Amino acid sequence: MANSYAVIDLETTGLSPTVDEIIEIAVITLDKNLRPENTWVSFVQPQGPIKATEIHGITASEVANAPSFTQLAPKIYQLLSGRVLVSHNADFELGFLNSATARLSTSCLPLTQKTTIEALKSGHASFASNKLAETSNFPQLQRENFVCTMEQSHIYAAPGSHSLYAVADRLGLSPDFSLAHRALHDAQTTAGLFRKYWELENAGQRVTEQSVNRAGIIITPASWKFAHPVL
């Protein structure tokens with residue numbers, strides 16, 4: 001049975017999932033033929049200060065009134081559920097999403113009447129359910145849930161930088177480098193790269209039959225055929 005997909009990109013306050021936080025998230029859902037179904041993007045209000053603005057360009061004022069990850073979590077997992085996830089650095093997205101979920105499980109909800117009303121007013125109606133807000137319902141994501149387009153670039157792109165925009169440029173996708181490190185455009189570029197790999201695989205065009213990632217794990221072609229949807 002063919003899978004559907006959710007392309008996901010995060011912008012964060014730094015590189016460490018244990019101390020840094022998500023401040024922007026974009027998800028583009030694709031059907032089994034990689035046709036776009038839905039595009040969703042949101043700022044996320046962190047608990048700590050904004051950092052790395054020189055990278056992503058996001059300021060404290062932009063996230064000051066944004067929903068928290070707690071408020072957004074039900075929507076995020078609604079978008080991801082039942083789909084294989086696609087990102088350009090799977091370990092990065094995996095680490096930050098699992099760390100954010102772990103923080104939920106250690107921060108006692110339950111919902112107060114005031115929180116419920118605020119959630120309804122902000123459009124996060126699904127969060128207003130105590131049952132849905134139980135953090136035990138949110139799965140810890142696994143590496144097998146992801147297709148990593150950075151790793152797959154070793155198979156389908158000529159040697160060179162494996163950064164998102166460098167790979168997209170080498171494969172003729174003409175990405176806008178000025179929009180790099182914003183969640184929506186990064187997700188759109190990742191989706192385009194994923195489609196390109198799909199086309200190259202169907203045409204039998206591989207640069208190599210296998211490679212090795214930084215952790216010493218063998219990278220094989222068409223990893224999307226073996227990925228597991230989020231349960």
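I counted 9 aromatic pairs here (Phe, Tyr and six-membered Trp rings with centres within 6.5 Å; planes under 30 degrees apart are stacked, over 60 edge-to-face, the rest tilted). This is a predicted model, so I kept in mind that local features need pLDDT of at least 70 and side-chain atom pairs 80 or more, while totals for chains, interfaces and linings use all residues. Numbering runs from 1 along each chain as its sequence is written, and side-chain values use heavy atoms, without hydrogens or water.

I looked up tyrosine 5 and phenylalanine 194 next: an edge-to-face pair, 5.0 Å centre to centre with 70° between the planes. Buried or exposed, I asked of tyrosine 5? Tyrosine 5 counts as buried because its relative accessibility is 3% (buried is under 20% relative accessible area, exposed over 50%, partly exposed in between, with a 1.4 Å probe and protein chains only). Phenylalanine 194 is buried too, at 0%.

Then I checked phenylalanine 92 and phenylalanine 96, a tilted pair at 4.8 Å centre to centre and 45° between the planes. Both lie in helix 4, 4 residues apart, about one turn of the helix, and both are buried.

Terms used
Helix = DSSP H or I, 4+ residues; strand = E, 2+ residues; numbered from the N terminus.
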